Amino acid sequence: MQTRNIGDVQVGAIGLGGMPMSIEGRPDESRSIAAIHAALDAGVTLIDTADAYHIHADEVGHNESLIARALASYGGDASEVLVATKGGHLRPGDGSWTVDGSPEHIRQAADASLKRLGVDAIGLYQFHRPDPTVPYEDSVGAVRDLLDAGKIRMAGISNANPEQIRTANEVLGGRLVSVQNQFSPAFRSSEPELDLCAELGIAFLPWAPLGGISRAGELGSRFAPFAEVAQEHGVSPQQVCLAWLLAKAPVVIPIPGSSRPETARDSAKAVDLKLSADELARLDAN
Ligand SMILES: NC(=O)c1ccc[n+]([C@@H]2O[C@H](COP(=O)([O-])OP(=O)(O)OC[C@H]3O[C@@H](n4cnc5c(N)ncnc54)[C@H](OP(=O)(O)O)[C@@H]3O)[C@@H](O)[C@H]2O)c1
């Protein structure tokens, strides 16, 4: 698969998001493992997860543990796979999502993720979401300490605005390698963050690139040009969407979620879909 860079690590230009395998509506474990293996077979080498991808309060890290098991049971070589996890978001078990960006929590959360992933150092650790009760510098400062201590190899942030991107990069001493924000045909307001990442050479990982777990299947019916271009190429509207994202800038690495081998395989093929300037303009204008 064509590659792109996160820091000094090359990864397949399409990643895999683990959330649908572990939150509400998740399938049984064997289907999730098959989806991860299908993605790896297709050349995916970036898997995005978070300690908060779980349902019940007593299963924090459900998705991290699942990914660790899938990598361990993979028949091929998984040594080059970059697992990107996150800390700072929590699920108390009542269906809600809360935040804790305190340095104490980030430290403890990263230690727990390290154990679940079964690695010496986490490949990419992302501060999941700003906590309005904690100065942003302090939360990112905890991530910097993890980097300095060698517990994580690379540092990223998520759900950040341009000012927070600049602040994080400063706190990290220029070592911010990735920003993960929502971006899709339905949600384009992260354009300034994408542009800033392109300018600074920081990887931009669009989350919910297909419109989110419950709406990804409707992409073609909601956004007609994506369905039209898909029909012209004989591919899925979801593949067109991922190719459109890849064309936005060389720093973009979409992380579509999957819980089925078929969708994982289909998404990975987006790296081979070349869209013309005219097609991209039609999709942009949508
Ligand atoms: N940083 C954050 O705050 C944040 C928030 C949300 C998500 N994320 C990350 O971003 C990842 C992606 O977001 P998301 O999973 O919420 O939404 P998404 O990627 O927009 O949509 C996921 C859904 O798309 C379907 N799908 C994937 N490829 C497809 C294809 N080629 N054709 C048809 N359907 C396809 C999958 O269906 P099946 O399940 O049937 O395979 C999956 O459930 C997450 O998994 C997670 O890692 C981060």
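Visitor: Which helices do the buried residues of H8 pack against?

Guide: They pack against helix H7 (219–222), H9 and helix H11 (277–285). Contact means heavy atoms within 4.5 Å, buried is under 20% relative accessible area with a 1.4 Å probe, protein chains only, and helices are DSSP runs of H or I, at least four residues, numbered from the N terminus. Bear in mind this is a predicted model: local features need pLDDT of at least 70, side-chain atom pairs count only at pLDDT 80 or more, and totals for chains, interfaces and linings use all residues. Residues are numbered from 1 along each chain as its sequence is written, and side-chain values use heavy atoms, with hydrogens and water left out.

Visitor: OK, which residues of H8 are buried?

Guide: In H8 (residues 224–233), they are Pro225, Phe226, Val229 and Ala230. Down the H8 axis they fall within an arc of 135°, so they line one face of the helix; the arc is taken from the directions from the helix axis to the C-beta atoms.

Visitor: And what comes just after H8?

Guide: Gly234, with a positive phi of about 70°.

Visitor: Switching topic: how many residues are in the largest nonpolar core?

Guide: It has 73, and Ile157, Trp244 and Leu275 have the most contacts inside it. A core here is a set of buried Ala, Val, Leu, Ile, Met, Phe, Trp, Tyr and Cys residues joined through side-chain atoms within 4.5 Å. Helix H9 (residues 237–246) gives the largest share, 7 residues.

Visitor: What does Leu275 touch?

Guide: Leaving out residues up to four places away in sequence, Leu275 touches Val229, His233, Val240, Ala243, Trp244, Leu280 and Leu283.

Notes
Buried means under 20% relative accessible area, exposed over 50%, partly exposed in between (1.4 Å probe, protein chains only). Helices (H or I, at least four residues) and strands (E, at least two) are DSSP runs, numbered from the N terminus.
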